[in-house]
Amino acid sequence: MTARVLVVDDIPANLRLLEAKLRAEYFEVALAASGPEALALTAAWAPDIVLLDVMMPGMDGYEVCRRLKSQPATAHIPVVMVTALTDQSERVRGLEAGADDFISKPVDTALLFARLRALLRMKQVLDAWRARAETARDLGFEAPGAPAEDFTGARLLLAGGLPEEGKAVATALAADGMVVEHAANETTAWDRLQDAAHDLALLCVPLNGGDALRLTSRLRAHGEIRDLPLVLLAGEDQRHAVLRAFDLGASDQVMRPIDPPELRARVRNQLRRRRYQDLLRESLDRSLELAVTDSLTGLRNRRYVRRHLESLLRTGAAAAVLLVDVDRFKSLNDNYGHAAGDEALRVVAARLREHLRTVDVVARYGGEEFLVVIAGEGEEEGAAVAERLRAAIGDTPVPIGALSLTVTVSIGMAVARGQAAADGLIAAADIALYRAKEGGRNRVETATAEDWGAQPA
């Protein structure tokens, strides 16, 4: 997962050290030596994450963070405060200033990258929400506002831990009106989370009566609750398990022994993220339903997906486009009738939607063609998604009345190159799709440099 990282520190040696570590992991890096320089560079360069030193002359890190989070253009950018200060009150001060995380010097490299990956997953959701909000504005609709800051009634599940710790957690979070249920072991926690009625899960590491990593993996693989924020409660001695849990999809960590203000600040941050995700999935979709939905399949229509792709590409974000075409669709219509063809399109649409993430957009592009826009992914990841979609449709027959028909699709994929235009990206995918059809159908082809060059000037 590559991304742009802005490193802010007034000490040149610290800047160069973090720059070397980040570039070794293939991050794009920019450097700023002061608060004003960081604000200017954030506005001009639009980083994906800001690593921000706290102690700087003039404007300190807390003030920089507050200013970034107060501006609509930069409020969505995750800020990680990096400092030699070890007092827990400083961590809380940073979180309350709007920081998304707080890492102590000397920096634990493995933990840093684990937390960066978790924050990048969160930002991907926020970026998708912002892109869809911009699409709504372009189409003349009022985009939904920011989620409410009142957390009264939020339901949380604490998995594991001793009863005394459970009471302390519940007391701390009750100050924000949250309700905490305690599940003593993995089995009980898993059973209670099945109702999809919880807003966040707190997971003790290690987990008495179970495996914390297994529960993390199961949560992220389960369709109904895979987006549930997951906060780890773990001590220094659980470093290896924490790193693995972040890789499996954990959202954040609170260090044991638990500091109530820090716990509250981190939980609030995660609940905000969850509410943005709910807006992405529900509120905005409802507001655009009539204008941008294909009536046959229930997917987004051509008008919407083109606007969405254009707004995504304007940000310079990585994006992959998949052009999906149902093989031999005319023959299906001729042999079984248009009603059968319509049902086949509905089934194909449902399978495409089922095997994509919430942040991806799939639309009926016209006739038997579908367009998928995958944000934040490159060629390797996009090709894996395309192959998964092809198999999901072709490997299982489509039930149409008393019939069971094999329906396959051919897919052409193109990946945005720099500031690519939507027309050029779709045209390259179309050339790759034609090659997939010529190659025997029921296959995936990726646009090459020659395909881009073959487009008319």
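In helix 12, Phe329, Leu332, Asn333 and Tyr336 meet His338, Ala340, Gly341, Ala344 and Leu345 of helix 13. Contact here means heavy atoms within 4.5 Å. By class, this contact has six nonpolar, three polar and no charged residues. Ala, Val, Leu, Ile, Met, Phe, Trp, Tyr, Cys and Pro count as nonpolar, Asp, Glu, Lys and Arg as charged, and the others, Gly among them, as polar.

This is a predicted model: local features need pLDDT of at least 70, side-chain atom pairs count only at pLDDT 80 or more, and totals for chains, interfaces and linings use all residues. Residues are numbered from 1 along each chain as its sequence is written, and side-chain values use heavy atoms, with hydrogens and water left out.

Two packed helices are described by the angle between their axes and the distance between the axes. The axes of helix 12 (residues 329-336) and helix 13 (residues 338-354) come within 6 Å and cross at roughly 135°. Axes are lines fitted to C-alpha atoms, for helices over the stretch in contact; angles run from 0 to 180 degrees between N-to-C directions. Helix 12 and helix 13 are therefore oblique to each other. Angles under 35 degrees count as roughly parallel, over 145 as roughly antiparallel, 65 to 115 as roughly perpendicular and the rest as oblique. Helices (H or I, at least four residues) and strands (E, at least two) are DSSP runs, numbered from the N terminus.

Five strands form an open sheet in the order 12-13-11-16-17, with mixed pairing. Two strands pair if DSSP finds at least two bridges between them. Strand 12 (361-366) and strand 17 (444-446) are at the edges; each has a single partner strand, so one side of each is left without a neighbour in the sheet. Neighbouring strands are turned by 20° against each other on average, direction ignored. Strand 11 (residues 319-326) and strand 13 (residues 369-375) pair antiparallel over seven bridges. Ala319 has Ala375 in strand 13 as its bridge partner. Helix 11 (residues 302-314) packs on this sheet and touches strand 11, strand 12 and strand 13. Its direction makes about 130° with that of strand 12. Helix 14 (residues 379-394) also packs on the sheet, touching strand 11, strand 13, strand 16 (409-415) and strand 17.

Another sheet has parallel pairing: five strands form an open sheet in the order 2-1-3-4-5. Strand 2 (28-32) and strand 5 (101-104) stand at its edges. The twist averages 20° from one strand to the next. Four bridges join strand 4 (residues 79-83) to strand 5. Thr83 stands opposite Ser104 in strand 5. Helix 2 packs on this sheet, touching strand 1 (4-8), strand 2 and strand 3 (49-53). Helix 3 lies across strand 3 and strand 4, running at about 180° to strand 4.

Helix 2 (residues 35-45) and helix 3 (residues 61-70) also pair, with axes that come within 10 Å and cross at roughly 25°. That makes helix 2 roughly parallel to helix 3. Gly35, Ala38, Leu39 and Thr42 in helix 2 meet Val64, Arg67 and Leu68 in helix 3. The contact has four nonpolar, two polar and one charged residues.

Side chains of opposite charge can pair when their charged atoms come close. The structure holds 37 salt bridges (a side-chain nitrogen of Lys or Arg within 4 Å of a carboxyl oxygen of Asp or Glu). One of them joins Glu165 and Arg256 (2.7 Å, N to O). Glu165 is in helix 6 (residues 163-174), and Arg256 is in the loop between strand 10 (252-255) and helix 10 (260-292), 91 residues apart.
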